[in-house]
Amino acid sequence: MHASVKLKGTALPAAAVEVRPLARDMSTARLLAQMQRRIYPKAMQEDARAILSVLASTDLSRGLFADGELVGYALFQRDGEGTIYLYDIAILPHLQRRGLGTKLAQAALAAAWRRRLKVRMHVRATSYPLFVNRDKLRAAAYRLVRNKFVRDFYFKEFGIHEDAHELVMKPLVRRPLIAARVG
Ligand SMILES: CC(C)(COP(=O)(O)OP(=O)(O)OC[C@H]1O[C@@H](n2cnc3c(N)ncnc32)[C@H](O)[C@@H]1OP(=O)(O)O)[C@@H](O)C(=O)NCCC(=O)NCCS
């Protein structure tokens with residue numbers, strides 16, 4: 001029997017799940033825009049051109065593929081010297097809560113670790129647990145150095161009353177236990 005990726009919901013064979021770099025082109029940006037329409041409330045959805053400008057800013061963004069199909073993404077944005085900003089992370093709704101977000105987050109961090117980048121992000125309640133668990137972070141060779149509650153963070157940009165946490169994590173000296181490319 002194959003090992004499986006499953007915490008809750010229906011199991012996915014581990015062999016069918018892969019994390020790899022996202023192409024930085026318009027067709028990928030369109031795909032991400034389509035995914036956002038399935039994942040986010042309307043006010044939080046972006047058009048493909050806006051997504052492409054983020055995608056084009058760095059080669060660190062990663063896609064999570066199940067049976068070759070893109071089902072999740074971690075989108076990084078170029079930031080200041082020595083730092084990268086995690087702009088968005090998402091998994092298609094029917095595949096959430098099975099550990100895939102954790103796997104993707106760890107692989108994305110492991111990719112950033114290879115350049116010894118500090119990682120900055122604002123997280124909603126949905127993705128907060130992916131990045132504040134000490135063991136999950138340590139496996140990706142990061143540690144949290146800032147965790148600040150930001151009331152109503154999403155109002156300015158999206159007109160939605162939703163809070164966020166600003167997180168900053170620093171790379172550890174030792175290597176990640178998990179690979180940047182997982183397959
Ligand atoms: C955030 C997201 C990527 C997490 O992916 P996922 O595959 O569901 O995450 P995991 O299965 O690895 O879950 C990790 C932990 O996150 C928490 N979590 C995930 N989804 C949650 C939800 N809907 N409500 C509350 N907690 C949730 C849980 O603590 C979970 O651990 P548990 O399953 O042991 O309880 C996914 O829920 C998503 O795409 N959400 C919509 C988009 C979004 O809000 N992105 C964040 C932008 S900052």
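Buried here means 20 or more other C-beta atoms within 10 Å of the residue's own; exposed means 12 or fewer, partly exposed is in between, and the C-beta atoms are placed from the backbone.

A quick word on what you're looking at. This is a predicted model, so local features need pLDDT of at least 70 and side-chain atom pairs count only at pLDDT 80 or more, while totals for chains, interfaces and linings use all residues. Residues are numbered from 1 along each chain as its sequence is written. Helices (H or I, at least four residues) and strands (E, at least two) are DSSP runs, numbered from the N terminus.

## Neighbours of β7

On one side, β7 pairs with β6 in the parallel sense over 4 bridges, where pairing takes at least two DSSP bridges between the strands. L86 has M121 in β7 as its bridge partner. The chain gets from β6 to β7 through α3, and this β-α-β crossover is right-handed, meaning that with the strands pointing away from the viewer, the path from the first strand over the helix to the second runs clockwise.

β7 also pairs with β9 (residues 164–171), this time in the antiparallel sense over 5 bridges. Here R120 has V168 in β9 as its bridge partner.

α3 has 14 residues and reaches 20 Å from its first C-alpha to its last, close to the 20 Å expected at 1.5 Å a residue; the expected span is 1.5 Å times one less than the number of residues. Since 13 of its 14 residues are buried, α3 is largely enclosed by the rest of the structure.

G99 lies in the loop between β6 and α3. With 19 other C-beta atoms within 10 Å, G99 is partly exposed. G99 and L130 are 31 residues apart in sequence, yet 9.5 Å apart in space, C-alpha to C-alpha.

β4 (residues 62–66) and β5 (residues 69–78) pair in the antiparallel sense over 5 bridges, with A66 opposite E69. They form a hairpin with 2 residues between them, and D67 in the turn has a positive phi of about 50 degrees.

β5 then pairs with β6, again antiparallel, over 7 bridges, and R78 stands opposite I84. This hairpin has 4 residues between its strands, with G82 in the turn at a positive phi of about 75 degrees.

## Around the ligand

The ligand is surrounded by 20 residues, the closest being Q96, G101, T102, T126 and S127; a residue counts as near if its C-beta atom, placed from the backbone, lies within 6 Å. β6 (83–91), α3 (100–113) and α4 (128–132) each supply at least two shell residues, and β6 has the largest share, 4 residues.

By type, the shell divides into 9 nonpolar, 6 polar and 5 charged residues. Nonpolar covers Ala, Val, Leu, Ile, Met, Phe, Trp, Tyr, Cys and Pro, charged covers Asp, Glu, Lys and Arg, and the others, Gly among them, count as polar.

## The whole chain

The protein chain has 6 helices and 9 strands, and 32% of its 183 residues count as buried. Its C-alpha trace spans about 50 × 35 × 30 Å along the principal axes.
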